[in-house]
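Trainee: I would like to learn how to read salt bridges. Can we work through an example together?

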Amino acid sequence: KVAQQIASDQEVIAFLDGRVQELEQSLANSRMETESLQVQWSTYQTQAEQKATVLTDMLRFERERVQETQSEFKATKKLLVKEVKSCRAQIMALTAESRALSQENDSLKRALLHSNTPASPGRPSYSKRVANFANGASVPAS
């Protein structure tokens with residue numbers, strides 16, 4: 001009976017030794033996998049930090065560029081507004097001048113057409129020459 005107990009104990013010890021070896025191997029594999037994953041995680045974390053730095057720099061650059069572009073736009077707009085106002089004022093002045101000259105021209109034409117300047121022999125009167133000119137005929141030199 002003692003031999004049987006010893007054999008049974010040896011069988012249990014052998015089983016437990018095998019199980020301990022399996023668990024120790026599993027533990028070693030888990031530790032290696034954990035170390036590998038920690039290295040990989042560290043690499044990913046470093047890459048993510050580098051990407052975040054690059055993106056932060058890019059964002060800062062783009063914001064500065066947008067501010068510069070907006071400043072240039074505002075300056076250009078201000079200049080164009082001044083030019084438009086100046087052009088409008090010039091247009092109004094030239095329009096008024098054109099109307100005044102047109103009225104003066106009409107007055108002069110009427111005055112010349114109504115004046116009865118006598119003509120020298122062989123030459124039409126001044127008012128007829130102006131009328132001929134107004135109708136498209138060439139005026140002979142005086």
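Trainee: In which helix do Asp57 and Arg60 both lie, and how many residues apart?

Mentor: First, some ground rules. This is a predicted model, where local features need pLDDT of at least 70, side-chain atom pairs count only at pLDDT 80 or more, and totals for chains, interfaces and linings use all residues. Residues are numbered from 1 along each chain as its sequence is written, and side-chain values use heavy atoms, with hydrogens and water left out. Now your answer: both lie in helix H1, 3 residues apart, about one turn of the helix. Helices are DSSP runs (H or I, at least four residues), numbered from the N terminus.

Trainee: What do Asp57 and Arg60 form?

Mentor: Start with the general idea. Side chains of opposite charge can pair when their charged atoms come close. A salt bridge needs a side-chain nitrogen of Lys or Arg within 4 Å of a carboxyl oxygen of Asp or Glu. Asp57 and Arg60 form one, with their closest N and O atoms 3.1 Å apart.

Trainee: How many salt bridges does the structure hold?

Mentor: It holds 3. Another joins the side chains of Arg19 and Glu22, at 3.2 Å from N to O. These two are also in helix H1 (residues 2-114), 3 residues apart. Arg65 and Glu62 meet at 3.5 Å, N to O. They too lie in helix H1, about one turn apart.

Trainee: Is Glu62 buried or partly exposed?

Mentor: Check the cut-offs. Buried means under 20% relative accessible area, exposed over 50%, and partly exposed in between (1.4 Å probe, protein chains only). Glu62 is partly exposed at 33%.
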